[in-house]
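Subject: Structure handover

Hi,

Here is the structure for you to open. My notes on what turned up follow below it.

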Amino acid sequence: MTQSTDKVLSSDGLTFADRLTVNVTETATAAHRASVAGPVVLDLANVSVFYGSYEAVRQTTMSIARNQITAMIGPSGCGKSTILRSLNRMNDLIPGARVAGRISFHGTDIYAPEVDPIQVRRRIGMVFQKPNPFPKSIYENVAYGLKINKIKGNMDDMVEQALRGAALWDEVKDKLKMSALALSGGQQQRLCIARTIAVKPEVILMDEPCSALDPIATAKIEDLMYELAADYTIVIVTHNMQQAARVSHRTAFFSAEVDENGVRYGRLVEYDETQKIFTNPREKRTEDYITGRFG
Ligand SMILES: Nc1ncnc2c1ncn2[C@@H]1O[C@H](COP(=O)(O)OP(=O)(O)OP(=O)(O)O)[C@@H](O)[C@H]1O
Ligand SMILES: [Mg+2]
């Protein structure tokens, strides 16, 4: 992420509310300017995800580049969360869930028998739709992951660093012992981001991280994502197409299809630079979705 990108997106003189309704094409262009083709961090090859015998998402192939924000969009039920969860083996926690195909992280198959899913989740962290802080103090929420991962160093410093990284420090530095549940929704979500980055993952997966937040809290999280992309690779699922256009470098559009047996399934229709998806998509299905003709 370059300095000039921050300028384009943050110092535009627009209010938060303006920025939420700002023209999709303009912002997509801004995001595109920031896009740098980087080394591939996560690579999906013919990935299908099953729940029992039900194949929820079929044959997904895409690469996710370092220090980019990759957005996943598409109608409800097309498998965005399913694919996202497969990227850090979160689906392992769902009985009957199974991944076919190959997902590699820096070239290593994350589903190989010798790979420890706990280590995968440490390097590929996740932030959920609903802020889910533990019913503990603000400090403990951040320190918890550091403790269970036995990360060495000065705990106070590491907690402060994570809270600063999540743009929350100034708001909570005088009340670190307060219950995290007393924070606002937007603050709780930034705390969850602090908790995630405390253990220094490389990738942050976010499943609709702003859907429970108001526009101002949403804008804060979006700004934060921009800052975080300098150090992390981010994959975000969002229902909000303007958000995808505003924050992401690349966008993957998934759709829900019905096969010849009448079974619904999700598939990746198109994946490209965000600007291309929103201004000149290759597939008619993508165009229909982004222009609101279905979904
Ligand atoms: N735990 C589960 N067990 C069985 N089926 C599931 C499970 N989770 C999701 N599915 C099914 O997989 C398909 C994809 O669901 P998923 O939650 O990934 O969609 P989504 O694109 O994230 O939708 P939304 O936008 O509503 O969050 C759906 O048909 C859903 O019913
Ligand atoms: Mg979902």
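The protein has 13 helices and ten strands. Helices (H or I, at least four residues) and strands (E, at least two) are DSSP runs, numbered from the N terminus. This is a predicted model: local features need pLDDT of at least 70, side-chain atom pairs count only at pLDDT 80 or more, and totals for chains, interfaces and linings use all residues. Residues are numbered from 1 along each chain as its sequence is written, while chains are lettered from A and ligands numbered from 1 in the order in which they are written.

**Confidence**

pLDDT is the predictor's confidence in each residue, from 0 to 100. Its mean over the protein is 87, and 87% of the residues reach 70 or more. Residues 1–36 have a pLDDT below 50; beyond near neighbours in sequence, this stretch has 52 contacts in the model. A contact means two C-beta atoms, placed from the backbone, within 7 Å.

**Overall packing**

Of the 295 residues, 44% count as buried. Buried means 20 or more other C-beta atoms within 10 Å of the residue's own; exposed means 12 or fewer; partly exposed is in between (C-beta atoms placed from the backbone). Take the contacts between residues at least 6 apart in sequence: 73% of them join residues at least 24 apart.

**The sheet**

Ten strands form an open sheet with mixed pairing, in the order E5-E4-E1-E2-E10-E9-E3-E8-E7-E6. Two strands pair if DSSP finds at least two bridges between them. The edges are E5 (108–109) and E6 (124–127), each pairing on one side only. Helix H9 (residues 185–198) packs on the sheet and touches E6 and E7 (203–207); its direction makes about 170° with that of E6. Those directions are N-to-C, along lines fitted to C-alpha atoms (for helices over the stretch in contact), with angles from 0 to 180 degrees.

E1 (residues 40–51) and E2 (residues 54–65) run antiparallel, joined by eight bridges. Val40 stands opposite Ala65 in E2.

E6 and E7 run parallel, with four bridges. In a regular strand the side chains alternate between the two faces of the sheet. From E6, Ile124 and Met126 point one way, Gly125 and Val127 the other, and all are buried.

Val127 stands opposite Met206 in E7. Met206 is buried because 27 other C-beta atoms lie within 10 Å. Leaving aside neighbours within four places in sequence, Met206 is in contact with Val127, Ile234, Ile236 and Val237. The C-alpha atoms of Met206 and Gln129 are separated by 7.5 Å, although these residues are 77 apart along the chain.

**Ligand 1**

Which residues come nearest to ligand 1? Of the 13 around it, they are Tyr51, Ala56, Ser76, Ser81 and Thr82. To count as near, a residue needs its C-beta atom, placed from the backbone, within 6 Å. Helix H4 (residues 80–86) gives the largest share of the shell, three residues. By class, the shell has four nonpolar, eight polar and one charged residues. Ala, Val, Leu, Ile, Met, Phe, Trp, Tyr, Cys and Pro count as nonpolar, Asp, Glu, Lys and Arg as charged, and the others, Gly among them, as polar.

Most residues other than glycine have a negative phi. His106 has a positive phi, near 50°. His106 sits in the loop between E4 (97–105) and E5. With 13 other C-beta atoms within 10 Å, His106 is partly exposed.

Lys200 also has a positive phi, about 55°, and is not a glycine. Its place is the loop between H9 and E7. Lys200 has 19 C-beta neighbours inside 10 Å, so it counts as partly exposed.

Best wishes
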